[in-house]
Amino acid sequence: MKVEKFNPEINKVYFIESHTLIHILSGKGSIQVDFKNYFDWQEKAIFLEKGQYIKFLSGDFTVRRIEFSNDSKFHDPEVRVLFKHLISLGYIDLLECGDCETFLSESVLADNSADIIDISSKQWFWQNPFQASKEEYQVIFDTKAIIDKEYANQLTTNDLVSLINDRGYNAQALVKNKVGLSVKNLMSSKRHKESLKEVAFTDKTIQEISYDLGFKDDAYFNRVFKTTVGQTPKEFRANFDFQNRDLFTQDLLELLSKYHTQERALGFYADKMNVSIKTLSKKVQSKMNISLGQLIRLELINTAKLMILDNESITSISNRLGFEEPNHFSRFFKHYSGQTPTDFKLKKYNS
């Protein structure tokens, strides 16, 4: 097990070379994993597998990275649930797992990776994100394993299902019912994600990429890509700007970090970025897959959480964040975080 504490560079792509746990110790902002941005990462242990990547979209993070060397451990069907992500980012909520938080806080330097993996696996099944039995989960993740292996082959849904050990279940119906996506949609999602990686991180021609992913021709691949992403592969490659690391995202997030407690008007940020509101909004949506308004609200929520945990009063937080009344802030916080400020604080300190 390799353990490293570091301050990641803003907007740099960190490729995952082995099964890895990311524990964000401090900092405020957002992260990106496999082209999806995540803004509610606080108090979570994030599990990533080889082939994924992570970017830190703010410059004040301190991160603990734990790389696991015992590959055989991850063939355990109860462990793979941590790493084989079905819809979104795999994580353990440390607010609900005192044993996980204790291990990461006190014991992580000990060379015993099995402990945190076993604890986290048990916690994942306890969290039960898809409300399924363990046997049902095995069918679902068997399906995921086949998709990860066969995504570049143009298999029909029937071809795919025939490869799955359904253990007496109807795999198609089970996946649809528990995950909310059909087997066909999961396959398309995997192929789409891999196409993004090929376009963003390689210098292959679009024709080569389309061939490698099993498309009949590059024109068809271009049409599918643009329909899904809203940009052609060449436009996406230029906008992602992997090698040069476009400073647009960094500049905008630095502005938000500096001004979000006083300024919420889109026009203010457009002026600072020297573009129109329409241009800024379009560019934010294209590069970050989120609206500018959502970014501002998320900055406010993250700042408010830190203030609550510092035992500031609701009145003080309300004033500092520019709300007219404390009850206005409380309604805002509950609407966008799903819990009242008091409930958030109690959950943290009772975990």
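Me: How much space lies in the largest cavity?
Reply: About 30 Å³ of space lies there. The model is predicted. It holds 1 cavity of 30 Å³ or more.

Me: What makes residues part of the lining of the largest cavity, and which are they?
Reply: A lining residue has an atom within 4 Å of a cavity point. Gly-29, Ser-30, Phe-39, Leu-253, Leu-295, Leu-298, Glu-299 and Asn-302 line the largest cavity. Helix H13 (residues 292–309) gives the most, with 4 residues.

Me: How does this lining divide by residue class?
Reply: It has 4 nonpolar residues, 3 polar and 1 charged.

Me: Why is Arg-65 called buried?
Reply: Buried means under 20% relative accessible area. Arg-65 has 14% relative accessibility, so Arg-65 counts as buried.

Me: Is Glu-67 buried or partly exposed, and why?
Reply: Glu-67 has 22% relative accessibility.

Me: What makes Arg-65 and Glu-67 a salt bridge?
Reply: The cut-off is a side-chain nitrogen within 4 Å of a carboxyl oxygen. The closest N and O atoms of Arg-65 and Glu-67 are 4.0 Å apart, and the pair forms a salt bridge. By this rule the count comes to 15 salt bridges.

Me: What makes Lys-84 and Asp-148 a salt bridge?
Reply: Their closest N and O atoms are 3.1 Å apart. The limit is 4 Å, so the pair counts as a salt bridge. The pair links distant parts of the chain, with Lys-84 in the loop between S8 and S9 and Asp-148 in helix H3, 64 residues apart. Salt bridges that share partners join Lys-84 and Asp-148 into one network, which also includes Asp-34 and Glu-49.

Me: Why is Asp-148 called buried?
Reply: Asp-148 has 17% relative accessibility, and under 20% means buried, so Asp-148 counts as buried.

Me: Why is Lys-84 called partly exposed?
Reply: Lys-84 has a relative accessible area of 21%. Buried would need under 20%, and exposed over 50%, so Lys-84 is partly exposed.

Me: How do you know that S1 and S8 pair?
Reply: Pairing needs at least two bridges. Strand S1 (residues 2–6) and S8 have 5 bridges, in the antiparallel sense, so they pair. Val-3 stands opposite Ile-66 in S8.

Definitions and conventions. Residues are numbered from 1 along each chain as its sequence is written. This is a predicted model: local features need pLDDT of at least 70, side-chain atom pairs count only at pLDDT 80 or more; totals for chains, interfaces and linings use all residues. Side-chain values use heavy atoms; hydrogens and water are left out. Helices (H or I, at least four residues) and strands (E, at least two) are DSSP runs, numbered from the N terminus. On a 1 Å grid over the protein atoms alone, a cavity is a set of points where a 1.4 Å probe fits but cannot get out, and a pocket is an open set with protein on both sides within 12 Å along at least five of seven lines; lining residues have an atom within 4 Å of a point. Grid points are joined across faces, edges and corners, and a volume is the space filled by probe spheres set on the points. Ala, Val, Leu, Ile, Met, Phe, Trp, Tyr, Cys and Pro count as nonpolar, Asp, Glu, Lys and Arg as charged, and the others, Gly among them, as polar. Buried means under 20% relative accessible area, exposed over 50%, partly exposed in between (1.4 Å probe, protein chains only).
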